[in-house]
Amino acid sequence: MSDEIPQLQRLIDLAKEPSSDKRRELLRQVTDLFLDKAPTYNDAERDHFGVILGSVAGKMDIAVREQLAKQFATVPSAPHGFIQQLANDDFSVAKDVLQKSTVLSDVDLVAIARSQSQDKLEVIASRPSVSEAVSEAIVDNANDGVVVKLVLNAGAKVSRPTMLRVVERSQTSDVLQAPLLTRADLPPEMMQDMFMFVSSELRTKITQRLDSLPAGVVDKAFADAARNFSVELRQEKEADRRAMAYVREMARRKELNEQLLHQLLRGKQNVEFIHAFARLADVDVNTVRRIVEARNVEGVAIICKAARFDRTTFSAIVLLLDQSAARTAQQANETLALYDKVTPESAQRVMRFWRVRKEATEVPAALAQAS
């Protein structure tokens, strides 16, 4: 850089000039001088340029800074401090470096994600490559629209804990649900959790995706779910205790059957129905509770088909769960057609995920009762 030192010194002296025209000319000269040989400069030399560029650019109008951002955004050897300065500038200046610059580190991007505008977060979420750490910062600080951008970005890496937070968030944010189901790295057990609260159309997509998974992937997912599923035992309500005792007694009498489910629903004994349905289907109570409370017809169909219940039992359960809904003959036929469309294999595939949850809850529950 020895040949450039005299010129740089002259440019530094020019930086002290009050004339905006001279500063603009200085900026042009420094920019040209740097870009002409950018890859050849060492770190100290790049920093030297960055100090001059940052000092002069900070005194220029926004149009000049926007042009600088465009010029330096794709320069892999651009001065780090200067790129940081541009990234923290107004959005119209920052957007190009936020989108394209490889000079910005994860630390830089996380800091911006935590402290600045949703516009900037959206641009970061759309970068060609987004690390797990940056994705986590985006999910923690962005609105749903920005998180959708992140989820749809195939170049964004999302850790399992961050993905789980997005799945939980999608329970109250419909706009996240369909984009999540496009993620190739969405774990099968999280898909299954989403089955409980998404629309009928998305439930069909979940079932199709689960059916299409190779056996090895599914087995691994079951193993991961069993290993990672953490159980938070809640204190059982008195109604649940009575229902559990009732179902145990019906099972002892050999009266725990489909007919009993009809009776419980007709008698509006919903808690007992949930426990009986769960016991008959070999699914944990909380899973059944969520399906019943959401009036999730597809979920009921899967449980009934896997348990090999008669289609009339399925129809009666659906009708009795929502007695306020007046159904036409056509709607009733459509409900039965839904049951017929669910294959036993598909139902069993979904049920295997739910049974992992049941098995994971049984050991802690037994320990809690024994203590």
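Predicted model: local features only at pLDDT ≥ 70, side-chain atom pairs only at ≥ 80, totals over all residues.
Biologist: How do I read burial, and what share of the residues counts as buried?

Modeller: Go by relative accessible area: under 20% is buried, over 50% is exposed, and in between is partly exposed (1.4 Å probe, protein chains only). Here, 46% of the 371 residues count as buried.

Biologist: And contacts? What percentage join residues at least 24 apart, among those between residues at least 6 apart in sequence?

Modeller: A contact means heavy atoms within 4.5 Å. Of the contacts between residues at least 6 apart in sequence, 65% join residues at least 24 apart.

Biologist: Now the rings. How many aromatic pairs are there?

Modeller: A pair of aromatic rings is described by the distance of the centres and the angle of the planes. Rings of Phe, Tyr and Trp (its six-membered ring) pair if their centres lie within 6.5 Å; planes under 30 degrees apart are stacked, over 60 edge-to-face, and the rest tilted. Searching the whole structure turns up four aromatic pairs. In one of them, the ring centres of Phe 314 and Tyr 339 are 4.9 Å apart with planes at 20°, so that pair is stacked. It links distant parts of the chain, 25 residues apart: Phe 314 belongs to helix H21 (residues 311-321) and Tyr 339 to helix H22 (residues 329-341).

Biologist: Are Phe 314 and Tyr 339 buried or exposed?

Modeller: Phe 314 is buried, as its relative accessible area is 0%. Tyr 339 is buried too, at 4%. Tyr 339 also has the charged end of Lys 305 over its ring, 4.7 Å from the centre. For that label, NZ of Lys or CZ of Arg must be within 6 Å of the ring centre and within 35 degrees of the ring normal. Elsewhere, Phe 273, Phe 277 and Phe 309 make up one aromatic cluster.

Biologist: How do I read helix packing, say for H9 and H10?

Modeller: Helix H9 (residues 132-141) and helix H10 (residues 144-152) pack at about 155°, with axes 8 Å apart. H9 and H10 are therefore roughly antiparallel (over 145 degrees; under 35 is roughly parallel, 65 to 115 roughly perpendicular, the rest oblique). H9 passes H10 in a left-handed crossing, where the near helix is turned anticlockwise from the far one by less than a right angle (clockwise would be right-handed).

Biologist: Which residues meet between H9 and H10?

Modeller: From H9, Ser 135, Ile 138 and Val 139 meet Val 146, Val 147 and Leu 150 of H10. H9 also packs with helix H8 (residues 118-125), at about 145° and with axes 11 Å apart. The H8 and H9 crossing is left-handed. There, Gln 118, Leu 121, Ile 124 and Ala 125 of H8 meet Val 134, Ile 138 and Asn 141 of H9.

Biologist: What does Met 190 touch beyond four places away in sequence?

Modeller: Met 190 lies in helix H13 (residues 188-195) and is buried at 3% relative accessible area. Its contacts there are Arg 160, Met 163, Leu 164 and Val 167. Pro 188, also placed in H13, is buried at 11%.

Biologist: And where is His 275?

Modeller: In helix H18 (residues 270-281), buried at 8% relative accessibility. Beyond four places in sequence, His 275 contacts residues including Asp 240, Met 244 and Arg 289.

Biologist: Where do Lys 268 and Asp 282 sit?

Modeller: Lys 268 is in the loop between helix H17 (258-266) and H18, exposed at 64%. Asp 282 is in the loop between H18 and helix H19 (285-293), partly exposed at 35%. Neither is a glycine, yet phi is positive: about 55° for Lys 268 and about 60° for Asp 282.

Methods: Residues numbered from 1 in each chain as written. Heavy atoms only, no water. Helix = DSSP H or I, 4+ residues; strand = E, 2+ residues; numbered from the N terminus. Axes fitted to C-alpha atoms, helices over the stretch in contact; angles between N-to-C directions.
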